[in-house]
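Reader: I would like to go through the labels attached to this structure one at a time, and to hear what each of them rests on. Please set every value against its definition.

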Amino acid sequence: MTVRSPKTEHHIGHDSRLVPLFPELLPYLQEVFEQAEPGTEYVITRYRQANCNLRTQLQRIINKAGLKPWPKLFQNLRSTRETELAERWPEHVVCAWIGNSKAVAREHYLQVTEEHFEQAARISFESGQAAQNPTHTMHYCLFNLLNL
């Protein structure tokens with residue numbers, strides 16, 4: 001899919017970028033494609049105008065789902081996806097798809113998730129570290145953290 005980039009279009013070669021259609025999206029896009037009139041160029045047409053307010057609509061959808069909107073809706077969605085992609089793809093590839101630099105990704109988007117902690121704990125337990133003296137392990141970890 002082509003993502004247009006008005007913010008960076010004044011830089012040569014940065015007016016748009018190609019982003020793959022990820023498998024998670026395909027069933028939903030396939031459904032609206034099948035419902036579209038033959039020859040339709042865009043399957044999502046409701047929000048194509050530049051003056052539409054996507055944030056307000058997203059807040060309505062979140063409220064209707066019985067959830068509380070979180071701060072920085074789109075930045076947090078982008079951050080979550082960039083973190084998910086970084087688990088699987090090289091950093092330069094993810095940054096090209098998302099449209100930011102490695103420095104911006106590291107400072108503003110990439111997150112440490114609960115899954116990271118769970119995976120680390122599981123690996124530690126499976127490797128036998130859980131059988132060690134927990135006090136010794138904690139002191140060792142703290143010592144390494146303080147001496148970085």
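Reader: What makes E84 partly exposed rather than buried or exposed?

Author: The relative accessibility of E84 is 42%, and since buried means under 20% relative accessible area, exposed over 50% and partly exposed in between (1.4 Å probe, protein chains only), E84 counts as partly exposed. The structure is a predicted model, in which local features need pLDDT of at least 70 and side-chain atom pairs count only at pLDDT 80 or more, while totals for chains, interfaces and linings use all residues. Residues are numbered from 1 along each chain as its sequence is written, and side-chain values use heavy atoms, with hydrogens and water left out.

Reader: Why is the contact between E84 and R81 called a salt bridge?

Author: The term asks for a side-chain nitrogen of Lys or Arg within 4 Å of a carboxyl oxygen of Asp or Glu, and the closest N and O atoms of E84 and R81 are 2.9 Å apart, so the pair meets the definition. The two residues stand 3 residues apart in helix α3, which means that about one helical turn separates them. Helices here are DSSP runs (H or I, at least four residues), as are strands (E, at least two), and both are numbered from the N terminus.

Reader: How do you know that E24, R81 and E84 belong to a network?

Author: R81 also forms a salt bridge with E24, where the closest N and O atoms are 3.3 Å apart. That pair links distant parts of the chain, with E24 in the loop between β2 (16–18) and α1 (26–35) and R81 in helix α3, 57 residues apart. As R81 pairs with E24 and with E84, the three residues are linked in a network of salt bridges. With a relative accessible area of 22%, R81 is partly exposed, and E24, at 48% relative accessibility, counts as partly exposed too.

Reader: What makes the pair of E91 and R106 a salt bridge, and which parts of the chain does the pair tie together?

Author: The side chains of E91 and R106 meet at 2.7 Å, N to O, in a salt bridge. E91 lies in helix α4 (residues 91–98) and R106 in helix α5 (residues 102–109), so the pair ties together parts that are 15 residues apart in sequence. A search of the whole structure finds 3 salt bridges.

Reader: Why is the group of E87, E114, E115 and E118 called a patch of negative charge?

Author: Patches are made of residues with over 30% relative accessible area and no salt bridge, with like charges joined within 9 Å and nonpolar side chains (Val, Leu, Ile, Met, Phe, Trp, Tyr) joined within 5 Å. Lys and Arg count as positive and Asp and Glu as negative, with His and the chain ends not counted, and the place of a charge is taken as NZ of Lys, CZ of Arg, CG of Asp or CD of Glu. E87, E114, E115 and E118 gather in such a patch on the surface. One of them, E114, is found in helix α6 (residues 114–126), and its 54% relative accessibility makes E114 exposed.

Reader: Which residues form the nonpolar patch, and how much accessible area do they have together?

Author: The nonpolar patch on the surface is formed by F33, V43, I44, Y47, L54, W70, F74 and L77, which together have about 710 Å² of accessible area; such areas come from the Shrake-Rupley method with a 1.4 Å probe, and for residues only the protein chains shown count as cover. L77, found in helix α3, counts as partly exposed at 40% relative accessibility.
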